[in-house]
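Look at the open spaces on this protein. Which elements line them, and with what kinds of residue?

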2 protein chains.
Amino acid sequence: MAEKDDCGTEAEAMEEALRSEGVRLTRQRKAILQVLAESADHPDAHELHRRAQEADDSVSLATVYRTLSVLETKGVVQRHAFEGAPARFETADAPHHDHIIDLDSREVIEFTSPEIERLQKEIARRHGYEVVSHRLELYCRRRR
Amino acid sequence: MAEKDDCGTEAEAMEEALRSEGVRLTRQRKAILQVLAESADHPDAHELHRRAQEADDSVSLATVYRTLSVLETKGVVQRHAFEGAPARFETADAPHHDHIIDLDSREVIEFTSPEIERLQKEIARRHGYEVVSHRLELYCRRRR
DNA sequence: CTTTTATTGCAACTCATTCGCAACTGCAGG
DNA sequence: CCTGCAGTTGCGAATGAGTTGCAATAAAAG
């Protein structure tokens, strides 16, 4: 099916990017990359560990954390620390976006707003700053 | 001096608000409220503990945390968990605002943007949600 | 295949924050 | 002013996410 093909492709693309950065591709890292590519939700480290172990039960939690750090510094994944919960991860394939967090289901919805982005830069400039990174999260509930 | 008077007033206002909520005003809580009222920066729990102990060295860290929880649920203080750092606190006297965090000095600058606020609500609505709370933080560096 | 050196699993550790519990203390009522 | 007791406290132990030291292992270069 198409999704699986895409994920395979995405995992390969990430592996390629890492190889060219001189990152050694171990069995464990491949498993983690595969899981990340297949995950449309935003899993946390424990969930990724659980999923990665299905493919290779030798993967330890420590390695999941270490791998996520490497992938983050290489720009392959993004880490999001939402309010009062362990950090969650997603592949960094899509361009920048912000998040709506459904307070009831904990589901995460992505959105972008060039307008808000522009306003942020302008506010920073007014205060003599330039934006290095930002965090915009809307904690929401479904409207009745 | 004026500032001290204001702080005294602010601490009293908070005490009053708490009393009317049926919160017992202990020596330790008064010390913590006083410190919070005097703090223009955004101290974390350990810093508040250090400052509160100057007035009353019996204040324990556990009590600082417990008091901050009470004050937060009573709407008297606000907790902010910025990236990769312990939570920081401020009195909830001023109306809602967002934050610029100076990555070099860790200083916090407050700002508001009704325009961004409006856009957030609109985005949430477009996705079938209503905003319960949000978090907007700009991690910045001074412009050269 | 061997070597070199990054990576791994494990268990022990850190750090912010919370909790159990016995001792203590505001404060409502005498 | 004095009492009683439910709400609070200090202490130390516990928790939970995330990190780290170390000896064993395994990519990848030759």
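In this predicted model, strand 1 (77-80), strand 3 (98-102), helix 5 (114-126) and strand 5 (129-142) of chain B each give at least two residues to the lining of the largest pocket. Helices (H or I, at least four residues) and strands (E, at least two) are DSSP runs, numbered from the N terminus. Strand 5 of chain B gives the most, 7 residues.

A pocket is found on a 1 Å grid over the protein atoms alone: an open set of points where a 1.4 Å probe fits, with protein on both sides within 12 Å along at least five of seven lines; lining residues have an atom within 4 Å of a point. The largest pocket has 24 lining residues. Nearest its centre lie A:Glu83, B:Gln78, B:Ser133, B:His134 and B:Arg135. The lining holds 8 nonpolar, 8 polar and 8 charged residues. Here Ala, Val, Leu, Ile, Met, Phe, Trp, Tyr, Cys and Pro are nonpolar, Asp, Glu, Lys and Arg charged, and the others, Gly among them, polar. The volume is about 580 Å³, as filled by probe spheres set on points joined across faces, edges and corners.

Now the second largest pocket, with about 360 Å³ of space. Its lining has 18 residues, and A:Gln78, A:Arg79, A:His80, A:His134 and B:Glu83 are the closest to its centre. Strand 1 (77-80), strand 3 (98-102) and strand 5 (129-142) of chain A each supply two or more lining residues. Strand 5 of chain A has the largest share, 6 residues. By class, this lining has 5 nonpolar, 7 polar and 6 charged residues.

Residues are numbered from 1 along each chain as its sequence is written, and chains are lettered from A in the order in which they are written. Totals for linings use all residues, whereas local features need pLDDT of at least 70 and side-chain atom pairs pLDDT 80 or more, and side-chain values use heavy atoms, without hydrogens and water.
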